Amino acid sequence: MTILRIENIRKSFGKLEVLKGVSLSVNKGEVIAIIGPSGSGKSTTLRCVINLEKVNDGSIYVDEEAMVENGEYRPEKHIHRLTAKMSMVFQHFNLFPHMTVRENLSMAPLIVKKEHPDIVQERCEELLRKVGLKDKIDAYPSRLSGGQKQRVAIARALMMQPEIMLFDEPTSSLDPELIGEVLGVMKALASEHMTMVVVTHEMGFAREAADTVLFMDEGVILERGTPQEIFGNPKNERTRVFLDRVL
């Protein structure tokens with residue numbers, strides 16, 4: 001079942017066209033990795049999907065409901081209902097420094113979804129156990145390593161019980177020795193069939209955990225296929241050049 005569909009989206013910042021007609025579809029339970037050089041439009045695509053950026057043209061459908069169609073956006077209340085089905089994990093954690101880990105995780109379910117505190121507390125503990133940080137529940141972000149902060153950020157995104165998880169280069173700001181602990185959590189989510197769209201420079205993750213790999217450059221998707229197809233026998237010359245440089 002298609003859970004997210006993007007058709008021919010275009011996005012410009014001033015005279016610079018960053019997305020030049022990007023289309024993709026994501027099935028429920030599918031893990032899609034988007035790879036490509038910096039500045040190719042990967043992160044902008046995710047930001048448009050979750051409505052942090054507005055497209056200039058094209059369509060985005062969530063659960064086959066239009067958020068934007070041919071460049072025309074639906075009413076804000078409708079858009080909010082659709083984007084609430086998604087959570088995004090960013091490069092830079094974005095944890096509130098004045099709140100404990102518990103408070104960072106609990107705030108949105110309590111305020112936005114108005115859930116009962118007992119239910120929120122139970123889910124908070126369960127998700128921190130899942131990411132291996134139950135013992136840090138009352139710690140402040142300043143007491144955590146970069147890898148721990150990003151695992152807390154993933155748990156916080158999961159607190160909203162999203163249908164789709166979006167990851168925007170979640171390991172790019174981490175020291176090399178901390179990358180593995182974050183990728184471990186993401187691989188566990190993939191094995192549980194969480195629907196995920198992951199912009200990543202980690203080719204190992206794309207090769208091992210993704211169902212589909214997309215190669216993007218200069219605002220277009222140049223190639224898509226299974227990890228075996230993309231890494232083993234890329235058909236596009238630009239894909240081959242990129243992989244030769246990074247592998």
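This briefing describes selected features of one protein structure, grouped by topic. The model is predicted, so local features need pLDDT of at least 70 and side-chain atom pairs count only at pLDDT 80 or more, while totals for chains, interfaces and linings use all residues. Residues are numbered from 1 along each chain as its sequence is written, and side-chain values use heavy atoms, with hydrogens and water left out. Helices (H or I, at least four residues) and strands (E, at least two) are DSSP runs, numbered from the N terminus.

**Sheets and strand pairing**

- Strands of a sheet pair through backbone hydrogen bonds, in either a parallel or an antiparallel sense.
- An open sheet is formed by five strands in the order β2-β1-β4-β5-β6, with antiparallel pairing; two strands pair if DSSP finds at least two bridges between them.
- The edges of this sheet are β2 (16-27) and β6 (72-73), each of which has a single partner strand, so one side of each is left without a neighbour in the sheet.
- Within the sheet, strand β1 (residues 2-13) pairs with strand β4 (residues 57-62) in the antiparallel sense over five bridges, and isoleucine 6 stands opposite isoleucine 60 in β4.
- Strand β7 pairs with strand β8 (residues 164-168) in the parallel sense over four bridges, and here serine 87 stands opposite methionine 165 in β8.
- In a regular strand the side chains alternate between the two faces of the sheet.
- Strand β7 (residues 86-89) is covered on both faces, with Met86 and Met88 buried on one side and Ser87 and Val89 buried on the other; buried means under 20% relative accessible area, exposed means over 50%, and partly exposed lies in between (1.4 Å probe, protein chains only).

**Aromatic rings and charges**

- A pair of aromatic rings is described by the distance of the centres and the angle of the planes.
- A search of the whole structure finds one aromatic pair. Its members, phenylalanine 215 and phenylalanine 242, are tilted, with 5.2 Å from centre to centre and 45° between the planes.
- Phenylalanine 215 belongs to strand β10 (residues 212-217) and phenylalanine 242 to helix α9 (residues 237-246), so the pair ties together parts that are 27 residues apart in sequence.
- Rings of Phe, Tyr and Trp (its six-membered ring) count as a pair if their centres lie within 6.5 Å; planes under 30 degrees apart are stacked, over 60 edge-to-face, and the rest tilted.
- Both phenylalanine 215 and phenylalanine 242 are buried.
- Lysine 54 lies over the face of tyrosine 73, at 4.2 Å from the ring centre, and the charged end of arginine 207 sits over the ring of phenylalanine 231, 4.8 Å from its centre.
- A charge sits over a ring if NZ of Lys or CZ of Arg is within 6 Å of the ring centre and within 35 degrees of the ring normal.

**Cysteines**

- A disulfide is a covalent bond between the sulfur atoms of two cysteines.
- The count of disulfides (pairs of cysteine sulfur atoms within 2.5 Å) comes to zero.
- Cysteine 48 counts as buried at 0% relative accessibility, and cysteine 124 counts as buried at 0% relative accessibility.

**Helices and their surroundings**

- Arginine 123 is found in helix α4 (residues 117-130) and is buried, with a relative accessible area of 10%.
- A polar atom of the side chain of arginine 123 lies 2.8 Å from the backbone oxygen of methionine 159.
- Leaving aside neighbours within four places in sequence, arginine 123 is in contact (heavy atoms within 4.5 Å) with Pro109, Glu115, Met159 and Gln161.
- Glycine 147, in helix α5 (residues 146-159), is buried with a relative accessible area of 0%.
- With neighbours within four places in sequence again left aside, glycine 147 is in contact with Leu174, Leu178, Glu181 and Val182.
- In helix α3 the buried residues are Val101, Asn104, Leu105, Ser106 and Pro109, and they pack against α4 and α5.

**Loop residues with positive phi**

- Aspartate 63, in the loop between β4 and β5 (65-69), is a residue other than glycine with a positive phi, near 50°. Aspartate 63 counts as partly exposed at 22% relative accessibility.
- Phenylalanine 93, in the loop between β7 and α3 (101-111), has a positive phi of about 55° although it is not a glycine. Phenylalanine 93 counts as buried at 16% relative accessibility.

Definitions and conventions
A polar contact is a pair of N or O atoms within 3.5 Å; within protein, one must be able to donate a hydrogen and the other to accept it, and residues adjacent in sequence count only if both atoms are side-chain atoms.
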